[in-house]
Amino acid sequence: MVSKASGRLQICNLRPRAKSGKMRGMRLLLIEDEAKLGEYLRKGLAEEGYVVDVATDGIEGLHLAMELDYDVIILDGMLPGIDGLSVLAALRQTKSTPVLMLTARADVEDRVRGLQGGADDYMIKPFAFSELVARIQVLLRRAQSHPSSPEPTALREADLEVDLIRRRAVRAGVRLELTAKEFNLLALLLRRQGEVLSRTELASQVWDMNFDSETNVVEVAVRRLRMKVDQPFATPLIHTVRGMGYVLESREQP
Ligand code: CA
């Protein structure tokens, strides 16, 4: 656990014992300017079997991220040179390397902008080292199950097809008439098929909004989307996972 209680960096060793052998040899880039934290994370991740490069400012970090192929990039938000969000924006013009952003607790806006800007996950400082490792593993698994290079231009599940370039959705040969938001929502669910996406995540990724629990914009949009994507067809693809969110997947009919 790394915490900054009372303005002092406190480090206590909570690293999990088990090494994730399967993930060994994966290459990580850590862009973090706090020397002590950077060194602690570098050592810990190396002990977990990762190959870790460390950049201590945004310029060096972006250079490494563009020149080399990393499996995951851990990107601090506040950096000298170029800040984390700008590094992310520059990177996303050409590369889809999974990015886990580190943000300060107060920076809700930064987190939303980070997710909208293409960050795959974020962690709020201070965080437990074991959680960082777990999140890196999730990103690695996701990248392995959905290889993203080259970027897919079409997504498919059962008889549903989405053309991301022409922004067309077709199910069983029938063109679906979707609004822009409905298309983005469907594309996100399809891109992450089999994964339960929370309303908060859908709200932050599809709508330019900070999630407000008073609004039911996500529920309403999912209901409309289902009327178009599922209702006219025999097999539903979009499912509600009670208390968690929504998932798009083919399920065996009972
Ligand atoms: Ca920083």
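Start with the whole protein chain. Among contacts between residues at least 6 apart in sequence, 58% join residues at least 24 apart; two residues are in contact if their C-beta atoms, placed from the backbone, lie within 7 Å. This is a predicted model, in which local features need pLDDT of at least 70 and side-chain atom pairs count only at pLDDT 80 or more, while totals for chains, interfaces and linings use all residues. For your selections, residues are numbered from 1 along each chain as its sequence is written.

Colour by secondary structure next. The protein chain has eight helices and 13 strands. Helices (H or I, at least four residues) and strands (E, at least two) are DSSP runs, numbered from the N terminus. Now try colouring by burial: 28% of the 254 residues of the protein chain count as buried. A residue is buried if 20 or more other C-beta atoms lie within 10 Å of its own, exposed if 12 or fewer, and partly exposed in between, with C-beta atoms placed from the backbone.

**A brief stop at a cis peptide**

Select Lys 125 and Pro 126. The peptide bond from Lys 125 to Pro 126 is cis, and its omega is near -5°. You will find Pro 126 in the loop between β7 (121-125) and α5 (129-145).

**The sheet**

Now show β8 to β11. They make an open sheet of four strands in the order β8-β9-β10-β11, with antiparallel pairing. Its edge strands are β8 (154-157) and β11 (174-176), each of which pairs on one side only. Look along the sheet for the twist, which averages 20° from one strand to the next. Here two strands pair if DSSP finds at least two bridges between them.

Zoom in on β8 and β9. The two run antiparallel and are joined by four bridges. Pick Leu 155 and you will see Val 162 of β9 opposite. β8 and β9 form a hairpin with two residues between them. One to click on is Ala 158, in the loop between β8 and β9. Its phi is near 50°, a positive value in a residue other than glycine. Is Ala 158 buried, partly exposed or exposed? Ala 158 is partly exposed, because 15 other C-beta atoms lie within 10 Å.

Move on to Arg 167, in the loop between β9 and β10. Arg 167 also has a positive phi, of about 50°, although it is not a glycine. With 12 other C-beta atoms within 10 Å, Arg 167 is exposed.

Then select β10 (residues 168-171) together with β11: they pair in the antiparallel sense over three bridges. Within this pair, Ala 169 has Leu 176 in β11 as its bridge partner.

**The helix on the sheet**

Axes are lines fitted to C-alpha atoms, for helices over the stretch in contact, and angles run from 0 to 180 degrees between N-to-C directions.

Show side chains for Lys 181, Asn 184, Leu 185 and Leu 188 in α6, which meet Leu 202, Gln 205 and Val 206 in α7.

Next comes helix α8 (residues 217-229), whose axis comes within 10 Å of that of α6 and crosses at roughly 80°. That makes α6 roughly perpendicular to α8.

**Last stop**

Finally, select Ser 198, in the loop between α6 and α7. Ser 198 counts as partly exposed, with 15 C-beta neighbours inside 10 Å. Leaving out residues up to four places away in sequence, Ser 198 touches Met 244 and Gly 245. Draw a distance from Ser 198 to Met 244: they are 46 residues apart in sequence, and 5.6 Å apart in space, C-alpha to C-alpha.

Methods. Parallel < 35°, antiparallel > 145°, perpendicular 65-115°, else oblique.
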